[in-house]
Amino acid sequence: MLQMRDAKEADTTCLVDPDWQNSACADYLDLEPRLDLDEIMSAPERLDAQLLEVMLSRHKCGLSLIATKSRPTQANFLDPAFVLRLLDLVSARFERVVIDLPRSWETWTDQVLLGSSRVFVVTDMTVPGLRAGRRWASAVAARLPDVKPKVIVNRFEQQLLFGTGLRRVDVERALDGFLAGTVSNNYKLVREAIDRGLPLEDIKAGSNVSSDLKKIVFNQSTAELRSSPTSLSNVA
């Protein structure tokens, strides 16, 4: 979905992975993370547009990535001012910014959500997943009334009328107005894309997963999408 096939659209979208402890976006894209926290934090005043370019990882599809090597045994020590400065530079540099937020609520999370044009909570199609999605969306809406979070239900499978599994009506009822849309369960396709570090469209053009994502993301004008970042939090 984020792949830019038209040369005019190349180098316009950036994915930011601020989960410093458990960074995974670089692995999914088969890229080397280039954000060197040790170098920057020793002299944070050096962080500017020029240094940002050096620390961008670029995928061949045209997507840029801001990510660092994961630090699973280290606590998050980053100064909120540094994080917001970094995101400000990225937002000024790119037309579209997607921020894959960590599950933990950081001291800078409020500002990121308030500055985002769209906020999605991603969960799966299980009873615990739906409950967690609604709980997260409700909590964000209560904490930040100006933010309108929506829930994306991943690995959705349409059940037969007399089937025993969850149906779409059950999903809608469970999320009570927070549902943004559903993404079809096509595990084999998604797994291959992740293992090869390629966009879904490179594996299979026009797949049900790509179609579902486009319906959700582009259910809004291009002008609105370009106005500010989109934030996602994966809860399941």
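These exercises work through a predicted model.

**Exercise 1.** Find which strand pairs with β1, and in which sense.

*Solution.* Start at β1, residues 13–16. Strand β1 pairs with β4. The sense is parallel, and the pairing runs over four bridges.

**Exercise 2.** Describe the largest nonpolar core and name the element that gives the most to it.

*Solution.* The largest nonpolar core has 30 residues. Val16, Trp20, Leu35, Ile66, Leu86 and Val90 touch the most other members. Next, list the elements giving two or more residues to this core: β1, α2 (37–42), α3 (49–54), α4 (80–93), β4 and α5 (109–114). Of these, α4 gives the most, with six residues. Another core, of 11 residues, lies apart from this one; Val121, Ala137, Val153 and Leu179 are among them.

Then look at Val16. Beyond its neighbours within four places in sequence, Val16 contacts Ile66, Leu87, Val90, Val97, Val98, Ile99 and Asp100.

**Exercise 3.** Classify Ala141 as buried, partly exposed or exposed, and find its contacts.

*Solution.* First locate Ala141: helix α6, residues 127–143. Ala141 has 26% relative accessibility, so Ala141 counts as partly exposed. Setting aside neighbours within four places in sequence, Ala141 is in contact with Val147 and Pro149.

Methods:
Residues are numbered from 1 along each chain as its sequence is written. This is a predicted model: local features need pLDDT of at least 70, side-chain atom pairs count only at pLDDT 80 or more; totals for chains, interfaces and linings use all residues. Side-chain values use heavy atoms; hydrogens and water are left out. Two strands pair if DSSP finds at least two bridges between them. Buried means under 20% relative accessible area, exposed over 50%, partly exposed in between (1.4 Å probe, protein chains only). Contact means heavy atoms within 4.5 Å. A nonpolar core is a set of buried Ala, Val, Leu, Ile, Met, Phe, Trp, Tyr and Cys residues joined through side-chain atoms within 4.5 Å.
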